[in-house]
Amino acid sequence: MKMATKSGSLSNSGVFSVEKEANRLLNSGATFSEVTLEAEAGGKKKPKRILHFSDGCLEEYTDDELDTSENLVEQPAINPATLPWMPYLWFQTVTAAAKTLNVCDYLGENLANFFGITSPKYQYAIDEYHSYVAEEVEDKRRQELEEEAALQWTAQQQGEIVEMQDMITNQPTAASAAVAVHNTV
């Protein structure tokens with residue numbers, strides 16, 4: 001995936017001329033997919049940086065107008081030895097205050113971690129709720145298993161009762177038992 005910063009041409013004064021480029025493209029009859037950057041048409045432009053993401057890559061190209069990192073003027077560091085007394089005292093006060101704030105911030109963060117006050121105020125209630133919900137789910141699952149086992153047990157008992165009733169009703173009578181014994185002898 002390419003990211004083209006701007007397409008068009010620079011006029012002699014260095015001002016970006018969007019209108020001239022748009023008119024040129026309209027007059028040539030080019031569609032949006034046919035438009036190319038001048039840098040790509042003349043040669044391969046090297047990306048300023050390439051960003052890799054999980055869904056692809058993004059190439060950023062430099063643009064003289066947008067590249068302000070080179071145009072920044074760094075302020076020289078203040079030499080306290082050359083300052084008059086009042087600015088010198090103010091400089092020392094601000095420096096001491098900034099260092100004190102950084103030390104307090106560092107110590108506060110480490111003490112908070114040591115005493116465990118970085119966790120949420122009602123974490124115990126949140127943990128109790130989650131354990132209660134997990135226990136409810138476990139009880140519901142156990143109750144369903146018990147009901148299923150009870151149904152299987154009753155079905156098995158009813159099946160045994162039916163078999164016993166069949167055995168009782170299908171018992172041979174005394175006369176038929178005598179005939180069966182007589183035929184076998």
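Reader: Among contacts between residues at least 6 apart in sequence, what percentage join residues at least 24 apart?
Author: Keeping in mind that this is a predicted model, the share is 39% of the contacts between residues at least 6 apart in sequence.

Reader: How much of the protein counts as buried?
Author: Of its 185 residues, 6% count as buried. The protein exposes about 16,600 Å², and carbon and sulfur atoms supply 60% of that area.

Reader: Which residues form a nonpolar patch on the surface?
Author: The patch consists of Val103, Tyr106, Leu107, Leu111, Phe114, Phe115 and Ile117, which together have about 830 Å² of accessible area.

Reader: Take tyrosine 106 from that group: where is it placed, and why does it count as exposed?
Author: Tyrosine 106 sits in helix 3, which covers residues 85–115. Tyrosine 106 counts as exposed because its relative accessibility is 56%, and the cut-off for exposed is over 50%.

Reader: Switching to cysteines, how many disulfides does the structure hold?
Author: The structure holds zero disulfides. A disulfide would be a covalent bond between the sulfur atoms of two cysteines.

Reader: What are the relative accessible areas of cysteine 57 and cysteine 104?
Author: Cysteine 57 has a relative accessible area of 33% and is therefore partly exposed, while cysteine 104, with 48%, is partly exposed as well.

Note on methods
Residues numbered from 1 in each chain as written. Predicted model: local features only at pLDDT ≥ 70, side-chain atom pairs only at ≥ 80, totals over all residues. Heavy atoms only, no water. Buried < 20%, exposed > 50% of the residue type's maximum accessible area, 1.4 Å probe, protein only. Contact = heavy atoms within 4.5 Å. Areas by Shrake-Rupley, 256 points an atom, 1.4 Å probe, with all protein chains shown as cover. Patch = residues over 30% accessible without salt bridge, like charges linked within 9 Å, V, L, I, M, F, W, Y side chains within 5 Å. Salt bridge = Lys/Arg side-chain N within 4 Å of Asp/Glu carboxyl O. Helix = DSSP H or I, 4+ residues; strand = E, 2+ residues; numbered from the N terminus. Disulfide = S-S within 2.5 Å.
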